[in-house]
Every structure is written in structure tokens, then in C-alpha cells.
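Reader: I'm new to this one. Can you walk me through it?

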Amino acid sequence: MDWFWKYSFDQMLQPLLQNGSLHIVMPDGEKRIYGDATGKPILVCIHSMATVRKLALSPELALGEAYTNGSLTIDGDDLQSFLAMLVLNVDPAGANRVWWQKPVIKMRAILRGLKQNNMVPQARRNVAHHYDLSGQLYDLFLDESRQYSCAYFKDPSDTLEQAQEQKINHIARKLLIEPGMRVLDIGCGWGGMAMTLAQDYGANVVGITLSKEQHAFATERAKRAGLSDRVDIRLCDYRNIDEQFDRIVSVGMFEHVGLRHFDEYFTTLRNRLSPEGIALVHTIGWSRASKDTNPWIAKHIFPGGYVPSVSETMAAVEKAQLWATDIECWRLHYAYTLRQWYDRFIQNQDVARNIYDDQFVRMWRFYLAASEQTFRHGYQAVYQFQLSRKIDAVPLTRDYLYLRPDQTLSPLVRKKRKPDLVTLSGIPVPPNRKRRPAITPHKGAAP
């Protein structure tokens, strides 16, 4: 049967790889060349026929597993160039896929709602799979504050520490935080955002996470900084919060909500937000039609994860009766972030190998490199959705986001910049206008 799987592999790869120069050495030593011979040739060796078979049937899953277990190797271990070539060639709509893979892709898309049913117990298990790994691991490649989300680069040469600090400050300005405000940080990670908002902006922050490791680390971190009275880290699900807040921030968490829970998530945001409040959701998103989560990522890295399209997100925002007061697309920022994470991880991979093993190191390298190339050459970006319950919750223009470091937006100026609500006849809308009641979560929502 070896001839059959070699033939199937060839039929799969020929229409897929139209650009570049990929040289593949089969397990029996036969060499095959794919692409249009442009660019630097990349040499890949496949060491077993079982790997050839798996790649022909399910390349998205098999490629990462083959690289991880060593049954596929790249000359010079040039993983970044190899994955860049693949991302640049693969049609996200699947038009250049071999015929037997197309029904599988369609079926995954149909079943994605079932796979995204992240009820509270499943959400806890999904979070534990990734975020309850050794804290030492994350120290190997994250910045000092452990920001595990896209940084904000004012210049590509910015250091990771600069870019992560700029990200937090940019978000704080969008939230128009004033001293004493109550802020809910959904998916607070190791507490970096909560600490900065409390220490630098005077907010009282409730941070929530489902990760026991993150909860313990962030709680101790706030205690050491003397901020326990203003930073309250809780081990709970966002659906179990029943208080109201002046501001809500959620960075890198919406990707874990699950497609079936989008309506529930934004309805919860609205109900937890004060009438004058502002929320900000920072999430990875597709700039094209959404598709099912990569099966290797779903199995080995982020079980239950799902990257939404802007249209899927906005459909849920609209159902929750929230104003999208600002939508910002961060192009390439995550590619820059991931490259710095990748470089730091490579520098410390011997330490990671001592914590886990060589296969884990190879898996993590593949995860970071594949993610970078997707943001660099694919159709993913980071989106920030600024949301409010009222049309006049934020200033009329966006200039308040780009003040110089020595400038601040005083409460008086903020008040003057708020839009005036008037009727068509010029009569101001009464301030005690009846407010809409809280929205009841959609049928089937978790308690």
C-alpha cells in the first residue's frame, strides 16, 4: 500500500503548493519537488509511511504531530520559513484542497457549534489544559508582567516590555478609567492588567480566572505589591458574577468562550455593566469568513478554543443591545509579539526541556511559529471592541486615545467632550429617561 499513500500524498500536495520550492524526501529515499521553484528551497524529510498516510488524510492535525514526534524534520530546522510557505499557499476557503479532504472540512465546520459547547465544567478543563502548566514555562518567553496576549507596537523595534505596557495604557484610555471606579477583568491571567489599572489608574479591580495557577500567582502578586485592598482575584466563571461594574475589560479570553455561548457572553457583559459603563473586548478574529479551529491547535494547545469573525462577534453584540462605540483592527501586532515570544523561547528551550521533555519543546515551537505565520501571512488579526450601553458613554471623537504621555483627560474635559443628547426639536433628553432592563440570558444559558 506504500505506493497508494505516496500517490495520495502527491495528489494532496500538488494543487496545494503553487508557490515556493518544497523538496520532500520520502521514507524510502525518493525525492519529490513541489511548487514553482521560486525562493529558497526548503528540504523536508518524512521518516515513516504512517506519517505520509496521516498527512494525506488530515494534514492540519498530522503536520504538527509529525514535527512534534520527530517523524518529520526540516533541514536546518527552519520551521518559520516552512510554515510561512504553507500559510501563503493554502486557500482559507479550501478551494485548492484535494477532493477527499473537502467533505471533512465541511463536516468540521458544521459540527463546530457542538465542539464549542463550553459549559462551566468544560471551560474549567479547557483552561487547565493550557494555563495550569508550570509557571516557569511562561517566564521563559513572556514579559515580566506575564502578559499572554497581543502587545501594541508603536514601532516594530519596540521591546516586548514596551509594547505590552503600551497595550495596557491604550486599553486604559479606551476605558476612560477614573480613580475609584470598579473594574471587572474577565480572564485576568496572572494579574498584570489588574495590577496596572489599580496602581497607575486608581481603579478597584475584580479579576476572574478559571486557572488555579493564575489565581494563586495573581493573588500573591497583589499581596506583595500592597494592593490586596484594590485588586480582588477570584477563581470563578464570568457567568457566576452578579455585581455591576463601571468598566469591564476582557483581553484574550473571548477566544475561549465557545461559539454557542457568544450571545450569553455579551448579554452577561451588558448586565454586569453600569448604565454609564464602558467595556472593552480584545480578541483574535478572522478578517474573512470564519472556519473551524485548526484540529492540532484544538487537540494539543487550546481545547474548546474558537477564533470568531467580526460578523459573528457583532451579531452577538447587537443581540445584547450594546453600542459598538469603537472597533479597532490591530494588523501584524500579534506577529511581532509572537516573534519575540518565539525568540525568547528558543533562547530558553533547554530550560523548557528540563521542565518537560524534547517533544513538548518541539510542540511549543510549532505552536508559536505557526501562530506567528498565520498572523503575518494569513487572515487573522486582533480586534478591540469598545462597547457601551448608552450612545453617549464615550467622547464624540477618538482623539482622547492619543494624548501625549504628559497629557491627561480631566473629568471636566471628559464631561465637555461627551456628546449632547437632544431631540430633533432641540430639547435635551431628560436625564431620568427610563432605562432598559437587564436582558435575560438566552434559553439554555448556564446559571
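Author: We'll take a sheet, then a helix pair, then cysteines and some backbone angles. Keep in mind that this is a predicted model.

Reader: Sheet then. In what order do the 4 strands come?

Author: The order is β2-β1-β3-β4. The sheet is open, and the pairing is mixed.

Reader: Which are the edge strands?

Author: β2 (31-35) and β4 (72-74). Each of these pairs on one side only. From one strand to the next, the twist averages 25°.

Reader: Mixed how? How do β1 and β2 pair?

Author: β1 and β2 are antiparallel, with 5 bridges. For example, Val25 has Lys31 in β2 as its bridge partner.

Reader: And what joins β1 to β3?

Author: 4 bridges, and here the strands run parallel. β1 covers residues 21-25 and β3 covers residues 42-46. Leu22 is bridged to Ile42 of β3.

Reader: Back to β1 and β2. How many residues sit between them in the hairpin?

Author: 5 residues. Gly29 is in that turn, and its phi is positive, about 95°.

Reader: Helices now. At what angle do α8 and α9 pack?

Author: About 65°, with the axes 11 Å apart. α8 is residues 160-175 and α9 is residues 192-201. Their crossing is right-handed.

Reader: Which residues make the contact?

Author: α8 brings Ile168, Asn169, Ile171 and Ala172. α9 brings Gly192, Met193, Thr196, Leu197 and Tyr201. By type, the contact of α8 with α9 has 6 nonpolar residues, 3 polar and no charged.

Reader: New topic. How many disulfides are there?

Author: The count is 0.

Reader: What about Cys45 and Cys150: is Cys45 buried or partly exposed, and is Cys150 buried or exposed?

Author: Cys45 is partly exposed, because its relative accessibility is 22% and buried means under 20%. Cys150 is at 1% relative accessibility, so it counts as buried.

Reader: Where is Leu176?

Author: In the loop between α8 and β5 (182-186). Leu176 has a relative accessible area of 7%, so it is buried.

Reader: And what is phi of Gln321 near?

Author: Near 60°, a positive value in a residue other than glycine. Gln321 lies in the loop between α13 (310-319) and β10 (323-330). Its relative accessible area is 34%, so Gln321 is partly exposed.

Key
Residues numbered from 1 in each chain as written. Predicted model: local features only at pLDDT ≥ 70, side-chain atom pairs only at ≥ 80, totals over all residues. Heavy atoms only, no water. Pairing = 2+ DSSP bridges. Helix = DSSP H or I, 4+ residues; strand = E, 2+ residues; numbered from the N terminus. Axes fitted to C-alpha atoms, helices over the stretch in contact; angles between N-to-C directions. Left-handed = near helix turned anticlockwise from the far one by under 90°. Contact = heavy atoms within 4.5 Å. Nonpolar A, V, L, I, M, F, W, Y, C, P; charged D, E, K, R; others polar. Disulfide = S-S within 2.5 Å. Buried < 20%, exposed > 50% of the residue type's maximum accessible area, 1.4 Å probe, protein only.
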